[in-house]
Amino acid sequence: MKTFLFLILMFPLYLFSNDGSINVDLQYKEAVKSYKEKDFKNSYEIFSKIYLSKLSDVNLNFYFGRSAFETGNYEAALAAFERVEMLDSTNINNKLQMGLN
């Protein structure tokens with residue numbers, strides 16, 4: 001019973017540990033959910049906090065760029081779309097978004 005109680009109490013600490021990988025994944029899921037609900041302000045805020053930890057994630061950079069564009073942060077949007085271009089030069093959606101900027 002003590003072991004079970006210990007695990008229950010320590011789990012929140014594990015989620016927000018220094019490595020932050022689980023925390024980043026949870027934030028990423030929350031940001032994608034906001035993006036799909038067209039809550040670009042919230043998705044932009046979350047993506048701007050976590051994008052440095054996932055610079056090579058094409059989808060994150062695209063979602064971040066679109067969220068930045070929709071909230072008027074055009075320089076951040078262009079930088080994110082350029083990262084997508086470097087990671088996946090065949091991404092048609094990205095080419096369209098860069099054309100809009």
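Phenylalanine 47 counts as buried, because its relative accessibility is 0% (buried is under 20% relative accessible area, exposed over 50%, partly exposed in between; 1.4 Å probe, protein chains only). Tyrosine 28 also counts as buried, at 16% relative accessibility. The model is predicted: local features need pLDDT of at least 70, side-chain atom pairs count only at pLDDT 80 or more, and totals for chains, interfaces and linings use all residues. Residues are numbered from 1 along each chain as its sequence is written, and side-chain values use heavy atoms, without hydrogens and water.

The structure holds nine aromatic pairs (rings of Phe, Tyr and Trp, the last by its six-membered ring, with centres within 6.5 Å; planes under 30 degrees apart are stacked, over 60 edge-to-face, the rest tilted). The rings of tyrosine 28 and phenylalanine 47 are centred 6.2 Å apart with planes at 65°, so this pair is edge-to-face. Tyrosine 28 lies in helix α2 (residues 21-36) and phenylalanine 47 in helix α3 (residues 40-50), so the pair ties together parts 19 residues apart in sequence. Helices are DSSP runs of H or I, at least four residues, numbered from the N terminus. Tyrosine 35 and phenylalanine 40 also pair edge-to-face, at 5.6 Å centre to centre and 75° between planes. Both are buried. Ring pairs link Tyr28, Tyr35, Phe40, Phe47, Phe62, Tyr63 and Phe81 into a cluster.

Helix α4 spans residues 58-70. Its buried residues include Phe62, Tyr63 and Phe64. At the start of α4, a side-chain oxygen of aspartate 57 comes within 3.0 Å of the backbone nitrogen of asparagine 59. Just after α4, glycine 72 adopts a positive phi of about 85°.

Terms used: Helix = DSSP H or I, 4+ residues; strand = E, 2+ residues; numbered from the N terminus. Expected span 1.5 Å × (residues − 1). Polar contact = N/O pair within 3.5 Å; in protein donor to acceptor, adjacent residues only side chain to side chain.
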